[in-house]
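Please open the structure in your viewer and keep the selection panel at hand. The stops below say what to select next and what is there.

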Amino acid sequence: MKELETRILDIDVDQIRNKLHSLEAEKVKMENQINRIYDFEDRRLLNKKGYARIRTIEDMLNNKTVHYMTIKEMISQEKYKIMNEHETIIDSSEEGENIFKALGLQLVQSIKKYRESYKYKNTLVEIDINEKSFCPFPYIEIETFYEDELKEIVELLGYSMEDTTSKTIYEILSNRGVKGL
């Protein structure tokens with residue numbers, strides 16, 4: 001699957017929630033996450049702006065825990081961030097870690113964050129609040145397969161396309177002088 005993705009940084013979380021509520025966007029996620037990022041010793045995945053990840057989600061809407069194993073690779077970063085993504089649910093984060101390690105990958109970073117997601121038409125608007133030691137500011141991530149919907153939701157939230165970025169979170173942090181990896 002190829003998704004279009006963009007971010008808007010330094011958001012007012014309550015203001016975004018209120019706008020999404022007024023648009024009658026459906027809240028589809030409310031979760032705590034642990035994202036474990038893996039790569040080879042030479043960092044060949046991250047150097048190409050991709051990664052391997054084990055994500056553990058504490059799903060507060062459905063009162064359950066789910067583990068995902070994901071590989072992402074950057075296809076384009078010109079106008080939007082376009083990623084090729086392969087993801088599957090796994091029984092345990094430990095078993096996913098064992099598979100990655102057997103393939104020669106090693107844990108690079110473990111990141112905790114709170115995510116609240118809303119569905120507007122076919123587009124997902126995700127409010128991300130990371131642990132401050134990783135990323136000290138909240139942001140939204142907008143993911144869709146439809147460019148017209150992406151532009152529409154950006155404007156409905158009170159922003160313009162000039163307010164968005166296709167940069168990875170590591171590039172954003174680096175540009176702000178925050179040490180990422």
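Contact, as used on this tour, means heavy atoms within 4.5 Å. The model is a predicted one, in which local features need pLDDT of at least 70 and side-chain atom pairs count only at pLDDT 80 or more, while totals for chains, interfaces and linings use all residues. Residues are numbered from 1 along each chain as its sequence is written, and side-chain values use heavy atoms, with hydrogens and water left out.

**First stop: helix α3**

Select residues 93-102, which form helix α3; helices (H or I, at least four residues) and strands (E, at least two) are DSSP runs, numbered from the N terminus. Its buried residues are Ser 93, Gly 96 and Phe 100, where buried means under 20% relative accessible area, exposed over 50% and partly exposed in between (1.4 Å probe, protein chains only). These residues lie on the same side of α3 because they cover an arc of only 60° around the axis, the arc being that of the directions from the helix axis to the C-beta atoms. Turn to the other side of α3 and you will find Glu 94 and Ala 102 exposed. After α3 comes Gly 104, with a positive phi near 95°.

**Second stop: Asp 39**

Select Asp 39, which lies in strand β2 (residues 26-39). Gly 104 is among the residues that Asp 39 touches, as are Leu 105, Gln 106 and Val 108, not counting residues up to four places away in sequence. The side chain of Asp 39 also reaches two backbone nitrogens, that of Leu 45 at 3.1 Å and that of Leu 46 at 2.8 Å. Asp 39 is buried yet has no salt bridge, and the nearest side chain of opposite charge, Arg 43, is 5.2 Å away. A salt bridge here is a side-chain nitrogen of Lys or Arg within 4 Å of a carboxyl oxygen of Asp or Glu; for charge, Lys and Arg count as positive and Asp and Glu as negative, with His and the chain ends not counted.

Which residue forms a salt bridge with Glu 3? Select Lys 72, whose closest N and O atoms with Glu 3 are 3.8 Å apart in that salt bridge. This pair links strand β4, which holds Lys 72, to strand β1 (residues 2-9), which holds Glu 3, 69 residues apart. Lys 72 is buried, with a relative accessible area of 9%, and Glu 3 is buried at 10%. Finally, select Glu 85, whose side chain meets that of Lys 72 in a salt bridge (3.4 Å, N to O).

Technical notes. A polar contact is a pair of N or O atoms within 3.5 Å; within protein, one must be able to donate a hydrogen and the other to accept it, and residues adjacent in sequence count only if both atoms are side-chain atoms.
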